[in-house]
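User: I'd like to learn how to read the features of a model like this one. Can you take me through a few, general idea before the case at hand?

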Amino acid sequence: QASGILRDLTSDPRLRETRAEDEARLATGDAVRGIVTGVNDKAFSITPSGGGEATPVPVESIVELYFATPPGGRATAASPARFAVRLTSGTVIACKSVAVTTNGDVTIEPAYGGASAKTQLNQIVSIEYTAGPVAWLSTRTPIEDTSTPYFGGKFPAQFDRTVTGDPIRFNGVTYTRGIGVHSRSKLVFALDPADRSFRTRYAIDSSLTYADVDVRVRVDDKIVHERKGFRAGTMSGLVKIDLPAGAKTLTLEVDYGQGYDIQDRLTWIEPALVRK
C-alpha cells in the first residue's frame with residue numbers, strides 16, 4: 001500500500017506516477033534507482049534492478065523515496081490531501097479534513113483511508129492548507145545545489161532552517177518556510193508548466209555585521225532581480241517575478257560582496273511559486 005516516503009507533503013502528486021523501479025531522490029539533485037532490499041536507522045540499501053551489489057544510501061541524504069508501481073497498479077486515494085498536520089513528535093499527517101473543538105480536541109481524517117485519528121491541539125505544531133495555489137520552494141528538491149565558500153569549509157543549504165540549522169527568525173518574527181545559504185550559493189529549481197510567478201524576501205541577521213552579499217534571481221539563466229551590497233539588519237522588499245510561458249528553471253544566487261564570505265549567511269524567506 002505504500003507509495004513512498006517524503007519529507008514534505010507538497011510533492012504528494014509525484015507519488016502517483018508510474019515507476020518500474022524504486023527511486024531515491026537526494027538532496028544533491030541526484031537519484032539512485034533500483035530495488036530497496038534493506039533498511040535500518042542509518043541507510044536504505046538499493047540493489048540495481050539488473051543485479052549487482054546493493055548500495056547503502058544514507059537516510060539523511062534522501063529527500064524523497066518513491067516505490068515501484070505494483071503489477072496491479074496503485075490503490076486509489078480515498079480523497080485528495082488538503083491539509084498537512086505537523087505534530088510535536090515530528091510526524092506529518094496528510095488529511096482531507098481537520099476538526100477542532102472549543103476544548104482543544106482535534107479529529108483528523110486521513111486522506112488515504114483508515115480510521116480518523118484524535119489528538120489534542122497542544123500536540124500540534126502547525127496545520128497547513130496544501131491544496132491551494134502556493135507551492136513553497138523549500139519543499140522542492142533543487143536540480144542543482146552548490147556552495148563554494150571563499151575560505152573553504154562546508155555550508156550546504158538548509159531547508160526551512162537558517163544555514164546553521166536554527167529556526168528562521170528576524171526582527172522578532174519566526175518564519176516556518178525559508179532556505180538558509182552561505183555565499184557563494186547557487187540553487188536551481190525546475191519549473192512546472194503550472195508555475196505562474198515567484199515571490200520571496202531575504203534577510204541577514206543583524207548580528208552578522210561583516211556580511212555583504214550580492215543577490216540574484218535568474219529565470220532560464222536571465223537575471224530578473226539583482227541587488228548588490230546587501231547587508232545585515234534589513235529585510236528586502238517583496239520580490240515578485242512573473243514567469244514567462246515555457247520557463248524551465250529558476251535560480252537563486254548569493255555571491256560574495258565586498259567582504260569575501262565573512263558572515264555571509266543569508267536566508268531566503270518564504271520563497272514560493274504561485275501556480276495556476
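User: Let's start with valine 215: is valine 215 buried or exposed?

Analyst: Some ground rules before that. This is a predicted model, where local features need pLDDT of at least 70 and side-chain atom pairs count only at pLDDT 80 or more, while totals for chains, interfaces and linings use all residues. Residues are numbered from 1 along each chain as its sequence is written, and side-chain values use heavy atoms, with hydrogens and water left out. As for burial, buried means under 20% relative accessible area, exposed over 50%, and partly exposed in between (1.4 Å probe, protein chains only). Valine 215 has a relative accessible area of 0%, so valine 215 is buried. You'll find valine 215 in strand 20, residues 212–219 (strands are DSSP runs of E, at least two residues, numbered from the N terminus).

User: On to salt bridges. How many does the structure hold?

Analyst: The idea is a side-chain nitrogen of Lys or Arg within 4 Å of a carboxyl oxygen of Asp or Glu. The structure holds 21 of them. One of these joins glutamate 17 to arginine 19, with the closest N and O atoms 3.2 Å apart. Glutamate 17 is partly exposed, at 39% relative accessibility, whereas arginine 19 is buried at 7%.

User: What about glutamate 23, buried or exposed?

Analyst: Glutamate 23 is buried, with a relative accessible area of 7%. Its side chain meets that of arginine 25 in a salt bridge, 3.0 Å from N to O, and arginine 25 is partly exposed at 24%. Now look at aspartate 242 and lysine 240, whose side chains form a salt bridge of 3.2 Å, N to O. Aspartate 242 is exposed at 58%, and lysine 240 is exposed too, at 55%. Salt bridges can also share partners: Arg184, Arg216, Arg218, Asp221, Glu226, Glu253 and Asp255 are joined that way into one network.

User: Which residues form the nonpolar patch on the surface?

Analyst: A patch takes residues with over 30% relative accessible area and no salt bridge, and nonpolar side chains (Val, Leu, Ile, Met, Phe, Trp, Tyr) are joined within 5 Å. Here Tyr150, Phe151, Tyr210, Tyr260 and Ile262 make up the patch, with about 590 Å² of accessible area together (Shrake-Rupley method, 1.4 Å probe). Isoleucine 262 lies in the loop between strand 23 (249–256) and strand 24 (265–275). At 38% relative accessibility, isoleucine 262 is partly exposed.

User: Last one: what volume does the largest pocket have?

Analyst: On a 1 Å grid over the protein atoms alone, a pocket is an open set of points with protein on both sides within 12 Å along at least five of seven lines, and lining residues have an atom within 4 Å of a point. The largest pocket has a volume of about 1,100 Å³, a volume being the space filled by probe spheres set on the points. Its lining has 38 residues, with Arg7, Gln158, Phe159, Asp160 and Arg161 nearest the centre. Among the elements giving two or more residues to that lining are strand 6 (62–66) and strand 14 (158–159).

Notes
Patches are made of residues with over 30% relative accessible area and no salt bridge: like charges are joined within 9 Å, nonpolar side chains (Val, Leu, Ile, Met, Phe, Trp, Tyr) within 5 Å. Helices (H or I, at least four residues) and strands (E, at least two) are DSSP runs, numbered from the N terminus. On a 1 Å grid over the protein atoms alone, a cavity is a set of points where a 1.4 Å probe fits but cannot get out, and a pocket is an open set with protein on both sides within 12 Å along at least five of seven lines; lining residues have an atom within 4 Å of a point.
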